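Here is a friendly note to read alongside the model. Have a look at it first, then follow the points below.

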Amino acid sequence: MSTNNYVTAFAPASIGNVAVGYDTLGLAIAGAGDRVSARKTESAGITIKEVRGLDGEIHANLSVDPDHNTASIAAHALWKAHGDASGVELIVLKGVPLQSGMGSSAASAVAATVAVNALLDNPLQKPELLPYALEGEQYASGGLHADNVAPSLLGGLVLCPTSLLPDAWSLPTPKGISSILVHPDMQVNTAEQRRNLARSVTVDQWLAQQGYLAGFIAACERNDADLIRRCLKDVIIEPQRKSAVPCFDAVKEAALKTNALGCSLSGSGPGIFALSLDAEAHNVAIAMEQACRTMGYECQSWISPMTADGAYLED
Ligand code: HSE
């Protein structure tokens, strides 16, 4: 962004839950993200000058009211705790589709905290920004979970159990494995999906899912693609949510038939992700897209290394 005195940060989209770890595990993706520019103003408070989409036009669905935008809410939290008497003006460039299951609200919140951090007299370390970005995310999703914010901030695969927040840990990623994310052209409201979840699970479900989570993390550390294939499953959340994404079963079947290691909803959907060997990722993406279109949904896809970068300041 060419405007004077602004600093600009980019924050990537992300895959929440990664099938095995509801609210607990997240993965950054490459190629999609939000940009937030920030500059100091004489008058106190956080304002948003404009929100634009990738087409350069004023965003039709996002407010410049600072009380109703995840970027300004996160920026406000950080500035209130560490800023000075001046104010901050933001410009938001939305690159992540809204209500896509791609961590759209998190990307705005993270980009805002990284940009505003650069305006502080004593900027914080990146991991220290997590609680402030979380305030924006919490406004949007109605719950406290860092599985989009943490990978968007730190990059790669991040473990962020709600019970241990604000701590989060970057995990080793397996070599030679890519993520594929397909976004069917529809919207799913995360807050509503969260409200609708059953409040209890059986011991059998809990046992299976904690085994898959632990096994998946071990498999990533050991570069064990076969173990990833055995573990990349969600027996609790996916069955409850998939009906909100009518193309889900067909897309998942297409991914698995093309030798994907696993496939599930990205966050609360409608995004659908798969992991596959690098060499097969292109075929998996094509098969998933075809299945999606056959079901009547236009779509877009991204193939990423599991080591995708987290948020950064742009020159
Ligand atoms: N973990 C969150 C959920 C992610 O599944 O509700 C939302 O994108």
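1. How far apart do the C-alpha centres of domain 1 and domain 2 lie? They lie 24 Å apart. Domain 1 covers 2–170 + 308–313 and domain 2 covers 177–305, with bounds from an automatic or database domain assignment. The contact between them (heavy atoms within 4.5 Å) takes 31 residues from domain 1 and 35 residues from domain 2.

2. Before going on, a word on the model: it is predicted, so local features need pLDDT of at least 70 and side-chain atom pairs count only at pLDDT 80 or more, while totals for chains, interfaces and linings use all residues. Residues are numbered from 1 along each chain as its sequence is written, and side-chain values use heavy atoms, leaving out hydrogens and water.

3. Next, look at the polar contacts (N or O atoms within 3.5 Å). The side chain of Asp23 has an N or O atom 2.6 Å from a nitrogen atom of the ligand. For Asp147, a polar side-chain atom is 2.7 Å from a ligand nitrogen atom, and for Asn148 one is 3.0 Å from a ligand oxygen atom. On its own the ligand has 260 Å² of accessible area (Shrake-Rupley method, 1.4 Å probe), and the protein covers 97% of it.

Conventions: A polar contact is a pair of N or O atoms within 3.5 Å; within protein, one must be able to donate a hydrogen and the other to accept it, and residues adjacent in sequence count only if both atoms are side-chain atoms.
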